[in-house]
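Dear colleague,

I am handing over the structure below, together with some notes on what was found in it. Please read them with the structure open beside you.

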Amino acid sequence: MTTALELLRQGRRDEIWKKYCGFIDLSLKEFTEIQKHLLMEQIDLLSKCELGRHVLGGRTPSSVEEFRQTVPLTTYEDYAPYLLEKREDVLPAKPMFWARTSGRSGHYEFKWIPFPEGVFWAQLHEFFSTFVFASSRERGDFTLREHDKFLYCLAPPPYGSGWIPYHLPQVFPFDFIPPAEEAENMSFEERMREGFRLALEEGLDVFLGIGSVLVRVGEQFATQSGEVRLPSPFSQPRSFLRLMRGALRSKLARRAMLPRDIWDIKGIVITGTDSSIYRDEIERYWGVAPVEFYGATELHIVAMQTWDREGMTFVPSANFLEFIPQEEYLKAENEPGYQPHTVPLDDVEAGKVYELVATNFMGGPFVRYRVRDLIRITSLRNENLDIDIPQMVF
């Protein structure tokens, strides 16, 4: 399979866009047809393993409609006896690795999630898509280059994000600072300190992080900029020039020095429950409006913003998507044992709130899985960008 690096070196940037961002050009009908096809492939895998037969109730649905009518909704409790013991013999596909995530249900200190190879590479594909969008200002136009510097702001293994720095360069040649092998053994504060030391010398182009963390780093720059000691222009000339430029920019703006004064960031990607709260502050400190994506360790990336930084567009290739309307969600909350009804993506309504239900593709274990996250459908399509897929916010 041709990688983004190979396409980039051949000057085929339009093909990079099509490969990693072309899903936004799907019609809703094409989107749902992809979903149905991948679901039937997943049902076949599930029917051949112990865990799959358990969650399917011993049935092998022959259609999407039968699947939605006969297979019950699930939560992590349905998988815990298998996954907490990391039982690979019961899974629909052998894991490439196991990721750990904190449990929001309150029943577990943490959860273990298997990552089959197909799932993991699909997630890397989607991660790269977010950075293409983050560095774009219009359709097909992105500014990423080979060896762009990527600040390591991610949780290390065994968290799922910790595997990204080891493998994302196989999709696109980002240079992580600090290098993953070193960063993994550092505390978060040590990683940030070393990362910014390297960024002063080598530059900084892109990064992924939690919104509140990026704001905190920006605040520290602002409060400590008056205490910055300039490095030697002879031993560290690039660091010296970046800090001098930052000092000049901040002086002309008559304010404390901010990260935006030192680096011209190409793209920032954020995730987390606080993303929308901190968007404006991130742009103020870093000079770039971030692109947000929604996902979970169990579901990977479900939806992402494009270059307009508005509603998030659903991704077709990670999970089969269903939606519990808010009234059904509330009924299930008040009536233990009640199985709420779902609607497919092509039946959601603009302005309404839904709980997301997802079934993994490519050998993932989760079937009609409730992560208990509520999303709102903001519109049935993005009219400004001509994206024919419903838009959501978390």
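The largest cavity has a volume of about 30 Å³. Please keep in mind throughout that this is a predicted model. The count of cavities of 30 Å³ or more comes to one.

Around the largest cavity, the lining is made up of Val-119, Ala-122, Gln-123, Glu-126, His-300, Ser-317, Ala-318 and Met-362. Helix H7, which covers residues 117-134, gives the largest share of this lining, namely four residues. Sorted by class, the lining of the largest cavity has four nonpolar residues, three polar ones and one charged one.

The other topic is the salt bridges, of which the structure holds 26.

Another salt bridge is formed by the side chains of Arg-245 and Asp-264, at 3.5 Å from N to O. Arg-245 belongs to helix H12 (residues 237-253), while Asp-264 sits in the loop between helix H13 (259-262) and strand E8 (267-271), so this pair ties together parts that are 19 residues apart in sequence. Both ends are partly exposed, since Arg-245 has a relative accessibility of 32% and Asp-264 has a relative accessible area of 48%.

A further salt bridge links the side chains of Arg-372 and Glu-355, with 3.7 Å from N to O. Here the partners come from two strands, Arg-372 from E15 (residues 369-379) and Glu-355 from E14 (residues 353-360), and so the pair ties together parts that are 17 residues apart in sequence. Which of these two residues is buried and which is partly exposed? Glu-355 counts as buried, because its relative accessibility is 0%, under the limit of 20%, whereas Arg-372, with a relative accessible area of 38%, is partly exposed. These two residues also belong to a network of salt bridges, in which Glu-333, Glu-355, Arg-370 and Arg-372 are linked.

With kind regards

Technical notes. Residues are numbered from 1 along each chain as its sequence is written. This is a predicted model: local features need pLDDT of at least 70, side-chain atom pairs count only at pLDDT 80 or more; totals for chains, interfaces and linings use all residues. Side-chain values use heavy atoms; hydrogens and water are left out. A salt bridge is a side-chain nitrogen of Lys or Arg within 4 Å of a carboxyl oxygen of Asp or Glu. Buried means under 20% relative accessible area, exposed over 50%, partly exposed in between (1.4 Å probe, protein chains only). On a 1 Å grid over the protein atoms alone, a cavity is a set of points where a 1.4 Å probe fits but cannot get out, and a pocket is an open set with protein on both sides within 12 Å along at least five of seven lines; lining residues have an atom within 4 Å of a point. Grid points are joined across faces, edges and corners, and a volume is the space filled by probe spheres set on the points. Ala, Val, Leu, Ile, Met, Phe, Trp, Tyr, Cys and Pro count as nonpolar, Asp, Glu, Lys and Arg as charged, and the others, Gly among them, as polar.
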